Amino acid sequence: MKYIIKLMSLLLIISSLTSCEKEEVLVSDFNGRDPFPIIEQGTTEASQLIYDLYKDHDIHIYYDLEGEEALKTEYGKISLSSYSPVKADDERAVIYLKMIREMYDLFSDYRELQVYRRLLLFGNLTTSTYHSYGFNRDFGTFNSQGTQIMSNVNNTYDFDLTLTKEMLLSAYFTGYFQYYYSLPESFKNVSAGNYRWERSGNGEPALFTSTQYDEELATDIGFVHPYATLAILYNPFADWHSYVVWIISRPKAERDVWLDTKPNIKAKYDIVIETMANDFEMDLEAFSTAWQLVGK
């Protein structure tokens, strides 16, 4: 009996020492694999920001990968056959990383809403410019194998703080709403029949194409962003996602122009505000107020 007691005491001591030794180890509360390539603490401002984001939020960000190396992940190679990734501009990357840091700090209590862990910041990923209608909100994203690719992070295009911040929010929320969230029927019904594939099936022109966007008609129907019109009825996540991003990213006074004159937008706004408060205890207007200070 004494032997057993001594053995148990020894095991407890070893366990205690082991726990102390592991205090410095970065432990993730996400389910997933270790970052690839390994993220280490560097000497540049960008590398320090990346390391801090990894340490505090388990977000794996890279800005200096190019070509084939950029597309290799711990899950395999990302298939982007028509693109040739280019290293992001160092100075612009720092600006983006600082805002990403502020965003993750702001939403630190809502980790379940952020399902992508690997972020790649690229320079010119394509030769196209997507500034028309602010559709890409300053740069494009591609979601694949747990990875989000953010392109045009360089000095070729004029920097637009509002659109860039809006795109960061879009990237943060898109995966969860697309794959893990069931939207209220009341929200879907407001613009039912006017999502892109519904209009196409009825022989009506799309509200948004690569060359034009009928904003007046779209907002009358209840859409706040071109992206929202592309959604389909059984899961119009893009519509819901656009509302959450719009509410947080735009000052209330700016949004009131539509909220006061477009009944369908007001109806969907009320549903989004109430549902996000009930389902996630998120006060979107409070987050909007805080978001206006990001990047300032």
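1. Leu120 stands opposite Ile149 in β6. This is a predicted model, where local features need pLDDT of at least 70, side-chain atom pairs count only at pLDDT 80 or more, and totals for chains, interfaces and linings use all residues. Residues are numbered from 1 along each chain as its sequence is written, and side-chain values use heavy atoms, with hydrogens and water left out.

2. Strand β4 covers residues 118-121. Helices (H or I, at least four residues) and strands (E, at least two) are DSSP runs, numbered from the N terminus. β4 runs parallel to β6 (residues 147-150), with 4 bridges joining them. β4 also pairs with β1 (residues 60-62) in the parallel sense, over 3 bridges. Pairing requires at least two DSSP bridges between the strands. Leu120 is the bridge partner of Tyr62.

3. Both faces of β4 are covered. Arg118 and Leu120 are buried on one side, Leu119 and Leu121 on the other. Buried means under 20% relative accessible area (1.4 Å probe, protein chains only).

4. Asp58 follows α2, with a positive phi near 55°.

5. Buried residues of α2 include Leu49, Ile50, Leu53 and His57. The helix's buried residues pack against β1 and α4 (90-106). Contact means heavy atoms within 4.5 Å.

6. Lys188 lies in helix α6 (residues 185-190). Lys188 counts as buried because its relative accessibility is 11%. Leaving out residues up to four places away in sequence, Lys188 touches Leu183, Tyr195, Leu233, Tyr234 and Pro236.

Conventions:
Buried < 20%, exposed > 50% of the residue type's maximum accessible area, 1.4 Å probe, protein only.
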